[in-house]
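Please examine the sequence and the structure shown below. The paragraphs that follow then lead through the two chains.

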Amino acid sequence: MVLVTGAAGQIAYSLLYSIGNGSVFGKDQPIILVLLDITPMMDVLDGVLMELQDCALPLLKDVIATDKEEVAFKDLDVAILVGSMPRREGMERKDLLKANVKIFKSQGAALDKYAKKSVKVIVVGNPANTNCLTASKSAPSIPKENFSCLTRLDHNRAKAQIALKLGVTANDVKNVIIWGNHSSTQYPDVNHAKVKLQGKEVGVYEALKDDSWLKGEFVTTVQQRGAAVIKARKLSSAMSAAKAICDHVRDIWFGTPEGEFVSMGVISDGNSYGVPDDLLYSFPVVIKNKTWKFVEGLPINDFSREKMDLTAKELTEEKETAFEFLSSA
Amino acid sequence: MLRGLFDKDNKSEPIRVLVTGAAGQIAYSLLYSIGNGSVFGKDQPIILVLLDITPMMDVLDGVLMELQDCALPLLKDVIATDKEEVAFKDLDVAILVGSMPRREGMERKDLLKANVKIFKSQGAALDKYAKKSVKVIVVGNPANTNCLTASKSAPSIPKENFSCLTRLDHNRAKAQIALKLGVTANDVKNVIIWGNHSSTQYPDVNHAKVKLQGKEVGVYEALKDDSWLKGEFVTTVQQRGAAVIKARKLSSAMSAAKAICDHVRDIWFGTPEGEFVSMGVISDGNSYGVPDDLLYSFPVVIKNKTWKFVEGLPINDFSREKMDLTAKELTEEKETAFEFLSSA
């Protein structure tokens, strides 16, 4: 049973087909797809349901559209929480956090009450890291490790930028890292990344020989890519976000390839990189048997240290602001 | 690999695939599926060409950025343009999604006139710039007549290379039968969509089969509800597009994109043994009493990238009447459109 929230929205529209056609959970895994959105969106959701029927997807055993949490969260194996309160004109960051704490506290409690204890929860709706932490705190009977947030889009964007610069395809680039918050303080780090050039694997810094680009324009391009897409399309990046969600969930389900690691926002407890405990922070991880582990022992230079601390600081402040509201939400 | 040495179709050579209306809704749902190998196969690299009108170039640039961020290994290059001479050059496949949409107060005549202009120009561009082997799939409505216009304007490209999309209606018909019988749509095969991709289309399940408890049964036999099959079933499929628009407030991009993928994949790889699909194709030489020189949806089988009519299916009176009705509409549409062809 797979839930997608915000199911009547843009990102879900790009995502649902890929879930239904077997490219996330495999060609042999039948799925019951549960779609949750708010009550005013039920007509639109009905249209989405009609389209999924018209797609004639053999793996979709059933599609359930609902606005009720007790229906949506029941017996879930996977919960992809795309829906969140978007920032409106004139909204302060505090207001955004307050509104989202309310949503994710409720959904965390619903997970705790109705879902399987083995449920894997992937939070996409922004602010993703803090929403994820809120949900986890509100679902105490579900292991903290089952919760993650999406930084795979930034990870894929980083790969794409390196690939464009070197004239290779993005799949020839691996082991980039996104550290920290899925926000403009994220730190795209290619100190440990490798690229396949003429059949040989080379370190990215070595291949590019352009440290100032890698520490400057590369970092800001990846950090601001979301805004660049919105500026061009007048809409946010649903297609690439959906693709990143598929990558993230597929890697949880099937594990990461040998010799490769990916970026995921996870609970920072027990990390060896000097990031404070109890934050939902993006790290390099490997995954096996649906369980992630930190990639340990990567050397961190001063430039990286500063950036990693900056984004940890932002996450700590976000967490403090959000949790003011947690008790009253 | 020895096989690679003797392969006439060198799969490492990229194919050039154009999508028009590339900044729009249907393209947005379609481009990812093209780029990830699910249409042309996991070994076929692609150069993707995106065409839209000049005011949409910024939006198209955003789409290009997103395709880069999707990190698709088969996409060797993505070209965004508003110029026909760039878009249509050396094409292997052209998926013509862009067309003039109907606006408030627009008469059908105006819609046809505006679209004849677009598809005459694109047909001429195909004639001038594309490979002669190009496969052209028209999606933009009115799909059948736009397809015929493009074909007439590209005389050096075989008529058989042109088709229009009725696969969405075909998939919708399968889905309705499946819902009614409590099976999945993939257990239903050989439905037919006859005629125009409009409200006169005729969804015909007289020759369709459904897998029930491991056995293949005729759909009419399985359902035992002739009046539903001749009544509500037909109107539901005909009006499904409008129902989705009413609910979503937007047209059915996701399912349209899926149907386009099915249609193009079947052209590329052929239809499975014992199955046929629906495609709008040139009616010349058909044995079903449909007038020649119409772009009409028929049941076809496909092999070696070439389609053939499914011959010899018995047609009862009910079907005959419906097939003639949609042929009549297509003939009128063609006549109206071609008034404009010379002046377009």
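Predicted model: local features only at pLDDT ≥ 70, side-chain atom pairs only at ≥ 80, totals over all residues.

Residues are numbered from 1 along each chain as its sequence is written, chains are lettered from A and ligands numbered from 1 in the order in which they are written, and side-chain values use heavy atoms, with hydrogens and water left out.

Chain A contains 11 helices and 14 strands; helices (H or I, at least four residues) and strands (E, at least two) are DSSP runs numbered from the N terminus. The radius of gyration of chain A is 19 Å, close to the 20 Å that the globule rule gives for 329 residues, so chain A is as compact as a globular protein of that length. This radius is taken over C-alpha atoms, and the rule is 2.2 Å times the number of residues to the power 0.38. The C-alpha trace of chain A spans about 55 × 45 × 40 Å along its principal axes. Of the 329 residues in chain A, 58% are buried, where buried means under 20% relative accessible area, exposed over 50%, and partly exposed in between (1.4 Å probe, protein chains only).

Chain B has 12 helices and 14 strands. Its radius of gyration is 20 Å, close to the 20 Å given by the globule rule for 344 residues, so chain B is as compact as a globular protein of that length. Along the principal axes, the C-alpha trace of chain B spans about 55 × 55 × 40 Å. Buried residues make up 57% of the 344 residues in chain B, and the accessible surface of this chain comes to about 14600 Å².

Leaving aside neighbours within four places in sequence, Ile95(B) is in contact (heavy atoms within 4.5 Å) with residues including Val17(B), Leu30(B), Ile137(B) and Val264(B).

Several details of the backbone complete the picture. In chain A, a cis peptide bond with omega of about 0° joins Asn126(A) and Pro127(A), and Pro127(A) lies in the loop between strand 5 (120–123) and helix 5 (128–137). In chain B, the peptide bond from Asn141(B) to Pro142(B) is cis, with omega near 0°; Pro142(B) is found in the loop between strand 5 (135–138) and helix 6 (143–152). Lys209(A) is not a glycine, although its phi is positive, at about 50°. Lys209(A) is placed in the loop between helix 7 (204–208) and helix 8 (211–215) of chain A, and it is exposed, with a relative accessible area of 68%.

Notes
Areas by Shrake-Rupley, 256 points an atom, 1.4 Å probe, with all protein chains shown as cover.
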